[in-house]
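Please look through the model shown here, with its sequence alongside.

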Amino acid sequence: MTDWDESVDLLIAGSGGGGMVAALAAADAGLQPLVIEKQGLLGGSTGLSGGMIWLPDNPLMRSAGVADSREEASAYFDAVVGQHGGPGSSAARREMFLAAGSEMITFLQRTGVRLVRCPGWTDYYPNHPGGSVAGRAVEGVPFDAAALGDWSDKLQPAMAKNYGFVLATNELRSVQYFNRSVRAFAVATKVFARTALARARRREVLTNGASVIGQILGVLKSSGPPPIWLDSALADLIVEDGRVVGARVVRDGTELDVRARKGVLLAAGGFGHNAEMRRRYSGAQPNEGKWSIANAGDTGEVL
């Protein structure tokens with residue numbers, strides 16, 4: 001039997017959107033979660049991304065009176081991915097995504113995560129069957145990092161930092177083309193004013209994927225120290241009697257055996273920076289794995 005160093009209900013490898021929502025759901029259900037993140041910053045690929053959450057027939061669409069349905073979304077999947085998208089996009093997975101995804105938005109709103117619709121952010125193929133011109137995406141609202149206290153500097157930087165403005169993803173095109181229309185000018189003016197105010201107050205305001213991660217962290221933090229270990233990598237799963245019961249975690253160079261009473265969730269992303277895996281799984285596509293703009297933690301060990 002393993003001599004455990006720590007014991008939790010749900011051990012979660014990876015601090016991106018999937019891992020953080022799982023931690024929030026576990027805590028909401030009265031369980032004790034623990035998120036382990038091998039990097040020194042929280043958020044993974046979600047934190048670095050534009051943070052758009054694409055979900056057909058979501059609650060924000062319904063509240064705005066934007067018509068959509070699972071049938072239309074299924075038709076769109078069939079048209080874009082194909083009716084037989086392989087095990088990663090099976091009919092059962094698509095149906096679960098459409099059903100549970102909408103429930104997830106409702107859950108996040110109930111726990112205090114603020115999201116808004118992204119009108120005008122059309123589907124990538126709006127002319128395909130089931131495609132939406134109105135847009136099915138939602139994103140987080142601008143969020144003041146000061147609410148996170150001493151955790152405010154432990155997040156992946158927002159995508160908007162590259163542009164020098166505090167802007168949401170759905171505002172980007174208006175800032176780029178502010179002189180094309182009155183509406184674009186109005187949106188750009190709002191962004192410039194928000195940025196000036198943040199600078200005057202010496203506040204960091206999170207947008208994009210960083211807003212989603214930051215808001216979830218804020219909810220977790222409101223009940224006490226957030227259940228997150230940074231600089232903590234998953235080294236191996238611990239199996240007893242054919243069942244995963246925990247994991248070996250290397251935290252700040254020290255190996256710890258962490259018991260997971262309810263299970264281990266692997267939410268550690270992909271392998272953009274793993275040249276060997278990229279070559280192995282790219283099929284006929286030439287890929288020496290030399291370049292990637294993926295999250296630096298996308299190295300594939302957990303896969």
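The model is predicted, so local features need pLDDT of at least 70 and side-chain atom pairs count only at pLDDT 80 or more, while totals for chains, interfaces and linings use all residues. Residues are numbered from 1 along each chain as its sequence is written, and side-chain values use heavy atoms, with hydrogens and water left out.

Two packed helices are described by the angle between their axes and the distance between the axes. Helices (H or I, at least four residues) and strands (E, at least two) are DSSP runs, numbered from the N terminus. Helix H4 spans residues 70–80 and helix H5 residues 91–111; their axes come within 11 Å and cross at roughly 140 degrees. Axes here are lines fitted to C-alpha atoms, for helices over the stretch in contact, and angles run from 0 to 180 degrees between N-to-C directions. That angle makes H4 oblique to H5. For reference, angles under 35 degrees count as roughly parallel, over 145 as roughly antiparallel, 65 to 115 as roughly perpendicular and the rest as oblique. The crossing of H4 with H5 is right-handed, a term used if the near helix is turned clockwise from the far one by less than a right angle, with anticlockwise being left-handed.

Which residues of H4 and H5 make the contact? From H4 they are Arg70, Ala73, Ser74, Phe77 and Asp78, and from H5 they are Arg94, Glu95, Phe97, Leu98 and Ala99; contact means heavy atoms within 4.5 Å. By class, the contact of H4 with H5 has 5 nonpolar, 1 polar and 4 charged residues. Here Ala, Val, Leu, Ile, Met, Phe, Trp, Tyr, Cys and Pro count as nonpolar, Asp, Glu, Lys and Arg as charged, and the others, Gly among them, as polar. Glu95, in helix H5, is partly exposed at a relative accessible area of 37%; buried means under 20%, exposed over 50% and partly exposed in between (1.4 Å probe, protein chains only). The C-alpha atoms of Glu95 and Ser74 are separated by 8.0 Å, with the two residues 21 residues apart along the chain.

The whole structure has 6 aromatic pairs. Rings of Phe, Tyr and Trp (its six-membered ring) pair if their centres lie within 6.5 Å; planes under 30 degrees apart count as stacked, over 60 as edge-to-face and the rest as tilted. Trp54 and Phe77 form an edge-to-face pair, 5.8 Å centre to centre with 75 degrees between the planes. Because Trp54 lies in strand E3 (residues 53–54) and Phe77 in helix H4, the pair ties together parts that are 23 residues apart in sequence. Phe77 is buried at 13% relative accessibility, and Trp54 is partly exposed at 26%. Ring pairs link Trp54, Tyr76, Phe77 and Phe97 into a cluster.

Thr169 is in the loop between E6 and H6. Is Thr169 buried or exposed? At 5% relative accessibility, Thr169 counts as buried. Leaving aside neighbours within four places in sequence, Thr169 is in contact with Gly50, Met52, Trp121, Glu139, Met159 and Asn208.

Arg180 lies in the loop between helix H6 (172–176) and helix H7 (182–201), and is exposed, with a relative accessible area of 63%. Arg180 and Asn295 are 115 residues apart in sequence and 34 Å apart in space, C-alpha to C-alpha.
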